[in-house]
Amino acid sequence: MNSLATAPGAHAGWVVVKFGGTSVSTRPRWDTIRRIANDWHARGKRVLIVVSALSGITDKLKAIAEAGGDRSRREALRAEIVARHEAMFAELGLTERAPLQYWLDRLTALAVDARAETGDLPWQAEVLALGEQLSSTLGQAYLTAQGLATRWLDAREHLLAQAMPNQTAWGCYLSASVPTAPDPALAAALAAHADVFISQGFMARNADGETVILGRGGSDTSAAYFGALLKAEKVEIWTDVAGMFSANPRIVPAARLLSRLDYEEAQEIATTGAKVLHPRCLNPVREAQVPLAVRDTNRPELAGTEIGATVAAAAPSVKAVSERRGITLISMESIGMWQQVGFLADVFERFKRHGLSIDLIGSAETNVTVSLDPSENLVNSDVLSALAADLAEVCRVKVIAPCAAITLVGRGMRSLLPRLAGVLAEFDLLRVHLVSQSSNNLNLTIVVDEAAADGLVPTLHAALVKSEALRAEDPAVFGPAWSELYASAAPGHETPWWQQRRDDLLALAAQSTPRYVYDLATVRERARRLRALAAPDRWFYALKANSRPELLQVIAEAGLGLECVSPAELELAATLVPSERLLFTPNFAPRAEYAAAFARGARVTLDNLHPLQHWGETFRGREILLRVDLGAGRGHHDKVRTGGAGSKFGLSLDQIEEFRQLARRHDVAVVGLHAHLGSGILDAQHWREVYAQLAALAQRFTRIEAINIGGGLGVPARADEAVLDLAALDACLTEIKQAYPQFELWMEPGRYLVAEAGVLLARVTQTKRKGDYCYVGVDTGMNSLIRPALYEAWHEIVNLTRLDEPADTLYQVVGPICESGDVLGSNRRLPGCREGDVILIAQAGAYGATMASRYNLREPAAESVI
Ligand code: LLP
């Protein structure tokens, strides 16, 4: 053991490390504790280890404390606790029984104590304290046996609880507080005895020398008290997750690790829902100015969440969204005069009488509504009815429960309000009972019915990130997403081709920028994947996505047809595929274009009555497809959803009969039905539903041969979005086709074939710092790639010149166009950028070059193919 070699000097600093129940429940976990403590010791620090009880033990002790007169239940629980510790003693390979036996005997004595019958509070506290006394005793023996000489410290000797004003007897014994200030004498006295100590979380003594309990989560608080007393250099709370996150990661896997928080923010997040840290433990470390970190026992390489005094220099951001359930609201209507003097004093006095602490407050001239948080109060129906009865003397009372409180936390919340408009719109249809903005400008809380809160936090988190009210890419505050740390990226993501072709791309960029570069092999591979599906009979590529002839060539060679929407597209397509592989699916096209398309031999799709009402001769004797609007659009953005009355596409279902009659009158045969409801869809079931609906509609026609279920096959922009599952798509289409074997199934994707095949290369022209923002300007913008400005589309952006350098700066990547919207990517983490660096914007192969413009008379990016 290296502890001797590097024994701390007389003035060595202290580090307090705390481990919870699961971290002390197996031998391998104790080995981890030994490693962590030993690492600090080897770095010349004195270490105090604070532990919780073995997992499950505190609940059993609580059950004993509450068993009242049920002696046999107490005995059964006692036996279980003894057995558990005996097993742990054996697992740890310990031999010296006496220390463990001492506490087991205490347990036996307390279980049969006469005070058990009445649930006497001092007795309950002694019972509850046993869990930590037992675990720390086992730990002391094991660590010492493993070569890390560790001294057992009785927490009650050093932590003296003080009753708080108005505290109930229950609170004094079972939810005690310990005022702490650095005590250099204690630090020195301990240092004279040993370097490494182990002590118990969760307990203290009172002025009479009795054992008291710090309340749930009390072990974190103990560590904080010790940290303050010893004026430690650091308190580390070791748990099973890397730290505090921007939302509960179990319901929001995209939640980001909060790498750095100040004490007040951490306090708010802990108070309003995050379970990882007990809110009470922040005050002691803040007062003593001791930094506190939350770290993952299983992933000690991660730095976790660091909480300290200095506020990181970062633009204001929402740091977290949290949720508390089981909230009770009490609405009190004054029955006296308007703005009656003393009304608040009258009602609050009654809360005090029942030992209830109030959390949120909303007030009007004649009404006050307050909330009671169950984690701080013993709220049960007895307490509530007694309170309501008392309050009825001075006001009309209404109890609203259960409610959920949703809280956004972040320093400078008021300055964030303008960015929150879209986020708050999520509350649109919910009944909001109370909105409260904290007077310290750190939080905004909205109380709704608990039943309405399901699914709200994930939606809000996504909206906060999207609106950039939560600046998730700011490295000063946020770390990786939980899903990045603990789950692999959503399945199916592949390494993009451009990572392997970096040198070729840099060479191309050296010739000129801006420049789109397309990889033909990727297009070929995507075409092959589609053609491998069994269900679709014919494929047409929507060439509006990318009409570069080399790409069209590859696609045509793979056997796909081409879907066109203008005469120029048709003309180009006709040079590549025979006419029976041409589709013409325009929208609001002039009459002459239809005639020209027929002349080319293309299949024509109509989506309105007007052509048949007014231009019947153009269509006489022809076969056509009919595009219908199935009523609702889908897709990655409002502007690409092509269903519903608000969309200009497709024939409304209620006009189908009229369309049929017009077709009959002009001798037009409807041989196919078509629907395309939007773009960027990642859910395979979508096309199954479209097929089912169109096939059912086909029964109303006599000659339908083909069902065209459109394109829209999505390509995820971010690593945590699921990839479209082609196998699932094939399976569900195959299944539905079996119900309608008479139809051919057609599809017409654009994006899927080309999006990932293309990148946009641009060169850094200049950088700029303004306020909290760093801008990096490149030599093209929305004139080459309008998708971010038009759809808030997210494209991955990297500095290709510095691909291997750490991405440590947060940039707004902007172009040279005279529009505020000329932003290719906001809040992107990149290595420090310099003039001349080559920036790569990924997934730019679809709807990039084809939507480019000469705005500002700036030529859009050139195109090349590799
Ligand atoms: N079929 C029809 C009738 C269409 O209107 C479209 C696209 C497609 C097929 C092909 O959709 P895709 O598979 O590419 O999603 N500019 C937008 C996309 C607009 C799509 C227009 N119509 C974007 O950049 O996301």
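On helix H12, the face turned away from the buried side carries the exposed residues Ala345 and Lys352 (exposed, over 50% relative accessible area; buried, under 20%; partly exposed, in between; 1.4 Å probe, protein chains only). The model is predicted: local features need pLDDT of at least 70, side-chain atom pairs count only at pLDDT 80 or more, and totals for chains, interfaces and linings use all residues. Residues are numbered from 1 along each chain as its sequence is written, and side-chain values use heavy atoms, without hydrogens and water.

H12 spans residues 343-353, with Phe343, Val347, Arg350 and Phe351 buried. Viewed down the H12 axis, the buried residues fall within an arc of 105 degrees, so they line one face of the helix. The arc is that of the directions from the helix axis to the C-beta atoms. These buried residues pack against E12, strand E14 (367-372), helix H13 (381-391) and strand E15 (395-409). Glycine 355 follows H12 and has a positive phi, near 65 degrees.

Proline 316 sits in the loop between strands E11 (305-308) and E12 (320-334). Its relative accessibility is 39%, so proline 316 counts as partly exposed. Beyond neighbours within four places in sequence, proline 316 contacts Arg411, Ser415, Leu416, Arg471 and Asp772 (contact, heavy atoms within 4.5 Å). The C-alpha atoms of proline 316 and leucine 416 are 7.1 Å apart.

An oxygen atom of the ligand lies 2.3 Å from a side-chain N or O atom of serine 679. For histidine 636, the corresponding side-chain distance to a ligand oxygen is 2.7 Å.

Definitions and conventions
Helices (H or I, at least four residues) and strands (E, at least two) are DSSP runs, numbered from the N terminus. A polar contact is a pair of N or O atoms within 3.5 Å; within protein, one must be able to donate a hydrogen and the other to accept it, and residues adjacent in sequence count only if both atoms are side-chain atoms.
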